There are 2 protein chains.
Amino acid sequence: MSIYLHDIPLPDAKEHLKAALESAGLWCVLGEEIIQLYENAYGRVLSQAIWAKVSSPNYNASAMDGFAVHAENTSGGSPSKPIILAVDSFAKYVDTGDPLPEDCNAVIPIENVESLDKDGMSAKDIRRPEKIRIRAAVTPWTHVRFLGEDIVASQLVLPAGQVLRPEDLGAIAASGHTKIKVSRKPRIAIIPTGTELVPLGGEIKPGNIFEYNSIVMAAQIKIWGGEVTRFPITPDDINLISRQVLKAASNHDLILLNAGSSAGEEDFSAKVVEKLGRLIVHGVAIKPGHPVIIGMIICDTRQVPIIGVPGYPISSELVCKIFVEPLIAKWLGCRPSELPRKHAQLTRKIVSPSGDDEFIQVTVGMVGEKILATPLSRGAGIISTLVRADGFIILSRGIQGVEAGQDVIVHSYRSQADLEFTILAIGSHDITLDLLAQFLSDRNRRLTSANVGSLGGLLALRRGEAHFAGSHLLDPNSGEYNIPYIHKYLPDVPVWVVGFVGREQGLLIEKKNPKGIAGLNDLIRPDIIYVNRQKGAGTRILFDYHLALMGIVPQSITGYKDEEYTHLGVAAAIASGRADCGLGIAAAAQALDLDFIPLFKERYDLIVPKVHAQSELLAPLFDLLRNINFQREVASLPGYDVEPMGNIIVEV
Amino acid sequence: MSIYLHDIPLPDAKEHLKAALESAGLWCVLGEEIIQLYENAYGRVLSQAIWAKVSSPNYNASAMDGFAVHAENTSGGSPSKPIILAVDSFAKYVDTGDPLPEDCNAVIPIENVESLDKDGMSAKDIRRPEKIRIRAAVTPWTHVRFLGEDIVASQLVLPAGQVLRPEDLGAIAASGHTKIKVSRKPRIAIIPTGTELVPLGGEIKPGNIFEYNSIVMAAQIKIWGGEVTRFPITPDDINLISRQVLKAASNHDLILLNAGSSAGEEDFSAKVVEKLGRLIVHGVAIKPGHPVIIGMIICDTRQVPIIGVPGYPISSELVCKIFVEPLIAKWLGCRPSELPRKHAQLTRKIVSPSGDDEFIQVTVGMVGEKILATPLSRGAGIISTLVRADGFIILSRGIQGVEAGQDVIVHSYRSQADLEFTILAIGSHDITLDLLAQFLSDRNRRLTSANVGSLGGLLALRRGEAHFAGSHLLDPNSGEYNIPYIHKYLPDVPVWVVGFVGREQGLLIEKKNPKGIAGLNDLIRPDIIYVNRQKGAGTRILFDYHLALMGIVPQSITGYKDEEYTHLGVAAAIASGRADCGLGIAAAAQALDLDFIPLFKERYDLIVPKVHAQSELLAPLFDLLRNINFQREVASLPGYDVEPMGNIIVEV
């Protein structure tokens with residue numbers, strides 16, 4: 001039994017899949033169906049070109065409301081030499097779109113006509129006069145829409161492969177078709193496997209996880225134009241899985257077997273494929289997502305492709321994008337969608353294994369004219385990364401990394417407009433930033449925040465990488481917040497220091513405090529494990545400041561070197577039993593149902609470069625700082641005080 | 001009865017609509033509903049933010065297949081000093097995702113472990129050994145996914161207003177939700193009116209047109225997130241229309257009354273709105289689409305907004321985009337979509353009425369690094385314009401035009417990838433270009449062609465505005481095709497002259513030749529009306545050449561100055577009775593069921609600048625010129641000869 005996968009390069013894996021499908025006669029449009037032309041036809045793909053059956057318009061038509069005439073009868077007309085035409089004999093009223101009457105070859109708009117009764121006075125009904133007076137000649141074919149002006153019979157209206165848009169439906173109708181031939185939608189089965197999986201809404205115990213990959217994949221497939229069957233969760237049992245695969249093979253075009261695609265003890269996907277058909281690829285040199293399986297299931301005389309999709313959510317999403325989307329497009333006969341690409345400047349160094357094509361999710365923001373890409377967490381299990389991402393970059397095989405400041409190409413999920421409405425926050429983590437994001441979202445702004453600690457935030461401002469930074473840096477000498485640090489680290493950047501919240505810092509501890517922790521003094525006890533914040537975090541500086549005041553040597557604290565980047569990270573470490581306590585804010589304790597020992601009050605400010613402070617982009621932010629509903633919601637969180645909110649503390 | 005609309009500026013019209021909705025309490029999310037979280041939830045809009053109910057993972061989990069250990073028990077391990085741990089007491093096998101056992105704080109991947117049986121030999125089942133040997137110490141929490149690594153309970157997962165993407169569904173599930181609150185879909189009624197309208201598939205007589213606007217609008221609305229009811233066609237009768245409007249008002253959020261929004265004799269929309277409620281706007285200064293109506297219908301105690309949408313297809317599509325899309329977005333609580341904007345160079349001068357915001361559809365192509373925008377026909381009735389368009393530009397009120405060569409901003413329907421795969425053809429019109437487009441489409445290329453005549457094509461190549469030009473320019477002195485013109489007009493552009501087709505030119509005449517036309521000599525007869533091609537067209541040059549040979553003075557031909565831009569345009573003019581005959585190709589006669597008198601044979605070449613001739617973009621074109629299926633299809637058209645196809649006639 002092999003433990004290791006043999007990873008092959010991505011282009012080779014795609015080539016293997018293509019070759020297997022070609023030899024099975026499946027590398028083509030799968031089939032077509034005839035559908036009625038109605039609104040739900042949008043999104044379908046034409047399997048045959050549309051050639052016009054009729055012309056549009058199919059007659060010469062009036063392009064205005066007015067009187068149809070023969071142009072010759074108006075010749076010589078001028079303001080001083082008006083021409084009078086008898087209605088019915090020489091002029092006929094027409095509405096826009098009416099066919100041009102016999103013997104007429106022009107239309108005079110009603111507003112250019114004087115309608116007269118039989119006595120030569122203004123007619124009561126200007127559209128039904130006895131005669132009309134005109135004061136200008138018209139040239140033939142004025143205000144006439146010609147037969148075929150829009151579409152001429154026999155011309156190509158739309159090529160095969162067109163993904164139908166609303167306006168295409170109109171053009172097809174105008175060219176005389178009521179039915180169209182479109183590609184049949186590929187039928188795709190998703191089989192989630194894993195004894196640890198629990199359906200949504202089920203009861204979850206340690207070791208269980210909710211099965212949601214199949215929902216994400218199903219939604220992807222529908223967007224790409226496929227039909228999908230979500231099979232029930234199958235436990236890790238080779239016979240049960242085999243049975244489901246065979247069942248799926250009988251009436252689907254593609255099977256996606258989710259998880260179990262690696263080579264662990266309970267990874268049965270490869271064995272199932274070997275048993276029921278042919279295993280073609282096991283392992284692709286991509287990151288995340290390398291344990292991919294490609295095979296063909298033999299079902300009676302048919303061959304059905306199967307893809308073993310890894311279980312981590314980012315991997316499964318990526319593997320579907322890489323292999324399934326182009327396959328569906330091939331089967332529909334259209335081009336797979338391509339994300340817009342943007343150049344951006346990388347804000348942090350990335351190191352990548354050179355053997356893989358690595359797909360790295362990034363946030364993207366625009367500060368002034370600069371477009372910045374910041375890599376997100378690269379853990380394959382972190383679905384929130386996909387939610388936060390604005391795009392991804394690809395580090396191809398052979399590339400070992402990219403330095404900060406270098407240009408990268410982002411495959412962007414966002415429109416330019418999205419980027420222009422995005423506020424980039426950086427610096428210290430505070431739970432109220434989530435509330436701020438929600439309130440800003442109602443005001444047509446997206447808030448993207450990166451937690452790099454207060455000091456990291458100031459340095460990012462210096463590099464021009466954010467619109468504001470959250471900061472609560474205590475200066476040990478002066479006891480003052482932020483301003484001494486701004487003088488030191490941002491000497492050349494004029495900023496406003498804007499009050500945001502006062503908040504309580506204290507020890508987060510396990511519920512009911514089983515180890516009897518009373519304060520910082522207890523941290524040197526050998527049975528107490530501490531979880532720290534990262535260097536440069538305001539909370540870390542606060543902690544170190546008080547340790548020094550109390551004469552506690554950091555080395556005497558177990559866990560001092562174990563660093564988390566957020567208050568919630570500290571809380572989670574304690575909630576999971578990884579540590580006994582950590583310094584943080586009260587709201588984080590409440591979030592994970594921990595106890596809290598209040599210790600210090602501090603001020604958390606927003607540092608806003610002057611160049612952004614008065615921009616339209618940030619206007620809704622400043623409005624919110626004075627918004628009573630926002631203030632009330634923040635104040636309702638434990639340990640918060642909104643008294644400083646919105647005060648311009650100082651312009652530096 | 002007013003004939004004229006009072007056009008108000010677009011921003012004012014939008015403000016009026018907003019004010020009316022605000023005072024009716026309708027300028028907000030219309031309502032919410034609770035739905036199950038499953039794949040069809042994508043595309044819905046969150047009406048409430050999602051805050052995490054549980055953490056993900058909700059326990060510390062193994063990140064690898066391997067053995068869970070307590071890190072302390074591995075300290076001191078090294079290649080030369082291996083450490084042996086008894087399985088069960090000090091090491092436990094875990095699969096990826098398994099919870100970390102009690103008292104363990106690290107995982108050693110199975111590939112870094114020697115599995116031993118009780119005698120110290122390699123274990124048969126490497127996952128169920130008696131003991132393991134390791135040759136390196138591990139640090140605590142290695143290969144462990146912490147509780148909350150992805151999502152920490154209480155954090156903001158997604159803000160209200162989020163349009164759900166597949167990955168969002170995963171994140172919502174991971175954070176413990178099985179149901180979500182989303183905005184109710186606005187219900188929109190579309191009432192097509194017009195006595196001249198015929199439902200698709202119905203019988204069409206002169207004066208009738210197929211009703212398809214409602215299909216286009218319905219598809220637009222579904223894409224924007226609304227629900228739609230398409231009402232049956234209602235004839236132009238104020239009582240019948242009023243009845244349908246009241247019926248729609250009883251259970252819809254918005255009524256779209258299509259056509260009849262102008263002030264013609266049979267335009268009842270404004271009167272219906274005045275009768276059943278309040279007419280707020282009649283006429284907006286936009287082009288196309290100015291006869292817009294905005295009003296409120298009173299139905300019991302409810303107010304229901306109504307928009308009178310003009311009847312021309314381009315107008316109706318635009319008016320929906322301008323007024324309906326933002327309204328649906330408002331009612332859903334999300335941002336309306338915005339098209340990506342691209343800078344482009346305008347290829348032709350545009351003149352625009354300065355009183356209107358004009359929306360001009362353009363094709364967009366990339367030649368080398370240059371992005372070029374070419375205005376399409378601006379007739380509001382020409383739906384094929386929308387099908388051909390790659391985007392639009394806006395000439396705002398007060399702007400009277402843009403010169404050729406100037407920079408414009410295109411709101412683009414196409415992705416960058418689409419543009420990169422687009423071949424721009426320009427020059428002479430030939431019916432086989434449609435066939436070429438269809439064959440290229442199968443080969444992942446889009447062909448966009450502009451008909452500006454052979455000479456216009458050469459001039460466009462000189463300006464670097466196309467990848468190739470179709471040309472059939474006969475030099476009267478040498479009797480040679482194209483090459484003398486290339487020497488004259490493209491002295492500095494190295495090109496390949498590539499053979500395409502030989503074709504027959506002749507007189508297109510009405511079926512059965514009722515006027516007994518026999519040849520060019522008949523054109524001087526006073527009862528014969530000719531339709532000409534535009535100056536610079538190869539066919540025009542051919543015509544003028546033969547007139548000169550025959551000593552016929554152009555002024556003696558009635559209709560000589562009436563110009564069409566394509567062969568099909570000439571054919572349509574004859575088919576509709578606008579002219580008796582015109583010079584053109586046999587296929588155009590066949591397309592519109594005309595008779596044809598063959599007169600001349602000519603050669604139609606493709607002129608390809610050398611810089612493009614060997615590009616990857618054009619490779620499929622050159623392949624096609626040697627493709628037997630393509631040749632066969634062209635040869636099957638009347639009057640075509642494919643003998644020259646694909647020959648490189650000369651490199652100039």
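Helix α10 (residues 453–462) of chain B is followed by B:Gly464, whose phi is positive, near 70 degrees. Because 8 of the 10 residues of α10(B) are buried, this helix is largely enclosed by the rest of the structure. The model is predicted: local features need pLDDT of at least 70, side-chain atom pairs count only at pLDDT 80 or more, and totals for chains, interfaces and linings use all residues. Residues are numbered from 1 along each chain as its sequence is written, and chains are lettered from A and ligands numbered from 1 in the order in which they are written.

**Helix α10 of chain B**

- Helices (H or I, at least four residues) and strands (E, at least two) are DSSP runs, numbered from the N terminus.
- A residue is buried if 20 or more other C-beta atoms lie within 10 Å of its own, exposed if 12 or fewer, and partly exposed in between, with C-beta atoms placed from the backbone.
- In α10(B), the buried residues are B:Gly453, B:Ser454, B:Leu455, B:Gly456, B:Gly457, B:Leu458, B:Ala460 and B:Leu461.
- These buried residues pack against β29 (422–427), β31 (468–471), α11 (483–489), α12 (538–550) and β36 (595–609) of chain B.

**The two chains**

- Contact between chains involves 97 residues of chain B and 97 residues of chain A; two residues are in contact if their C-beta atoms, placed from the backbone, lie within 7 Å.
- The side of chain B that touches chain A has 50 nonpolar, 25 polar and 22 charged residues. Ala, Val, Leu, Ile, Met, Phe, Trp, Tyr, Cys and Pro count as nonpolar, Asp, Glu, Lys and Arg as charged, and the others, Gly among them, as polar.
- The same surface serves both copies, as 99% of the contact residues of chain B recur in chain A.

**B:Ala173**

- B:Ala173 lies in helix α2 (residues 166–174) of chain B and is buried, with 25 other C-beta atoms within 10 Å.
- Leaving aside neighbours within four places in sequence, B:Ala173 is in contact with A:Leu200, A:Phe210, A:Tyr212, A:Ile215 and B:Leu37.
- B:Ser56 is 117 residues from B:Ala173 in sequence and 9.8 Å from it in space, C-alpha to C-alpha.

**Domains 4 and 5 of chain A**

- The domain assignment, whose bounds come from an automatic or database source, places domain 4 of chain A at 350–420 and domain 5 at 439–651.
- The centres of these two domains are separated by 27 Å, taken over C-alpha atoms.
- Their contact takes 8 residues from domain 4 and 7 residues from domain 5.
- On the domain 4 side, β24 (357–367) and β25 (370–375) of chain A are the elements that give two or more residues.

**Strand β26 of chain A**

- In strand β26 (residues 391–395) of chain A, 4 of its 5 residues are buried.
- β24(A) and β26(A) pair in the antiparallel sense over 5 bridges; strands pair if DSSP finds at least two bridges between them.
- A:Phe392 in β26(A) stands opposite A:Gln361.
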